[in-house]
Amino acid sequence: MVKLSRDEITPEHIYLNRRKFMVGIGSAAGALALAACAVPGVQQAGGIQAAPAAPAIELPEALANAEPTASALTDELGDSLNEYDVIAGYNNYYEFSMDKEAVAKLSQNFATRPWEVKVGGLVENPTTYSIDDILTRFTQEERIYRLRCVEAWSMVIPWVGFPIAALLEEVKPTAEAKYVKFTTVYRPEAMPGQQRSTLNWPYVEGLRLDEAMNPLAIFATGMYGKPLTVSNGAPIRLVVPWKYGFKSIKSIVDIELVEEEPVSAWMAAAAYEYGFYANVNPEVDHPRWSQATERRIGENQRRETLMFNGYEDEVAHLYEGMDLSLYY
Ligand SMILES: Nc1nc2c(c(=O)[nH]1)N[C@H]1C(S)=C(S)[C@@H](COP(=O)(O)O)O[C@H]1N2
Ligand SMILES: [Mo]
């Protein structure tokens, strides 16, 4: 059981194991790709910067027992990373349990191999990928992001993954495609929560195509330099850091490009409380609680919630002309 104390604020067991972070060859193409995808914290004054190059990370399953590793102790705002055990042991994953501290144990024997992800709908190249295809085909890199749950708690997590855009560029959405719909695996015999009607299973989420193409939106396949735990959504989940955590759907098996706005599992359950956009916004309260502040796991004091969870510079342009108070 995870107990949160002040002692756990500092992640002591971060190993800056540079050998595992193979710095990619500094090709012009690599540098351009990095410049185009403005990772917060990476200064880009005056055009292309030589360093840091996006480090490629390999995630063989054998790394499941490795020490957690991360390239930094904090995010770009200076906030400490949460500890590996806390991130892996305090989860929202209703397919297993509504008790955040019960998910890790209940999910530990869930099989994530073999695993296929089917990508179809309004695309030129419908493709079914095996998870091992995905791990080798798309360059995996570290992204340290804040995760802000709609329940007003948050963490800082060093994910490993790759941009959604990289996968969409391979399957080539057609001109009619406006949204991306993501679906979680349906396996009620192995997911006890799916035997109850808390939500309409399987869990579904969606993004507008331009949101999905934003460089901050990733598929995560790892965390702290290791493969994802089942509790964190193994083998592949979404991470959309400027939106409430429920948008970041776990254990994805189906991706469909569609014309109409998808109805997410949470919209079907309570559209008034959990809208399609669900951008982190301290000024728009949940009908039942304030969103102005949050509890960072491991801290005692509440802290102020940031507009778009602190990623305003990267994503505000996506919502120009929209009345944000209407898009919970
Ligand atoms: N399939 C599925 N995905 C899900 C959820 C879920 O219950 N089922 N919970 C969401 C919520 S509410 C949050 S806050 C994040 C939590 O991610 P974490 O447990 O990796 O921190 O996962 C999201 N993705
Ligand atoms: Mo959440």
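A: Of the 18 residues around ligand 1, those that come nearest are Tyr94, Glu95, Arg237, Ser248 and Lys250. Keep in mind that this is a predicted model. One is 2.9 Å from a polar backbone atom of Ser248, and a polar backbone atom of Asn92 is 3.2 Å from a nitrogen atom of ligand 1. Thr184 contributes its side chain instead, with a polar atom 3.0 Å from a ligand nitrogen. Taken alone, ligand 1 exposes 540 Å², and the protein buries 98% of that.

Now for the rest of the protein. The largest nonpolar core has 87 residues, and Phe182, Phe219 and Trp242 have the most contacts inside it. Strand E6, residues 153-163, gives this core its largest share, six residues. If you click on Trp242, you will find it in contact with residues including Leu216, Val280, Phe308, Tyr311 and Leu318, leaving aside neighbours within four places in sequence.

E6 also leads us to its partner: E5 and E6 pair in the antiparallel sense over eight bridges, with Tyr145 opposite Ile157 in E6. Four residues lie between the strands of this hairpin, where Ala152 takes a positive phi near 75 degrees. Strand E5, residues 141-148, is largely enclosed by the rest of the structure, because eight of its eight residues are buried. Both of its faces are covered: Glu141, Arg143, Tyr145 and Leu147 are buried on one side, and Glu142, Ile144, Arg146 and Arg148 on the other.

Conventions. Residues numbered from 1 in each chain as written. Chains lettered and ligands numbered in written order. Predicted model: local features only at pLDDT ≥ 70, side-chain atom pairs only at ≥ 80, totals over all residues. Heavy atoms only, no water. Core = buried A, V, L, I, M, F, W, Y, C linked by side-chain atoms within 4.5 Å. Buried < 20%, exposed > 50% of the residue type's maximum accessible area, 1.4 Å probe, protein only. Helix = DSSP H or I, 4+ residues; strand = E, 2+ residues; numbered from the N terminus. Contact = heavy atoms within 4.5 Å. Pairing = 2+ DSSP bridges. Near = heavy atom within 4 Å. Polar contact = N/O pair within 3.5 Å; in protein donor to acceptor, adjacent residues only side chain to side chain. Areas by Shrake-Rupley, 256 points an atom, 1.4 Å probe, with all protein chains shown as cover.
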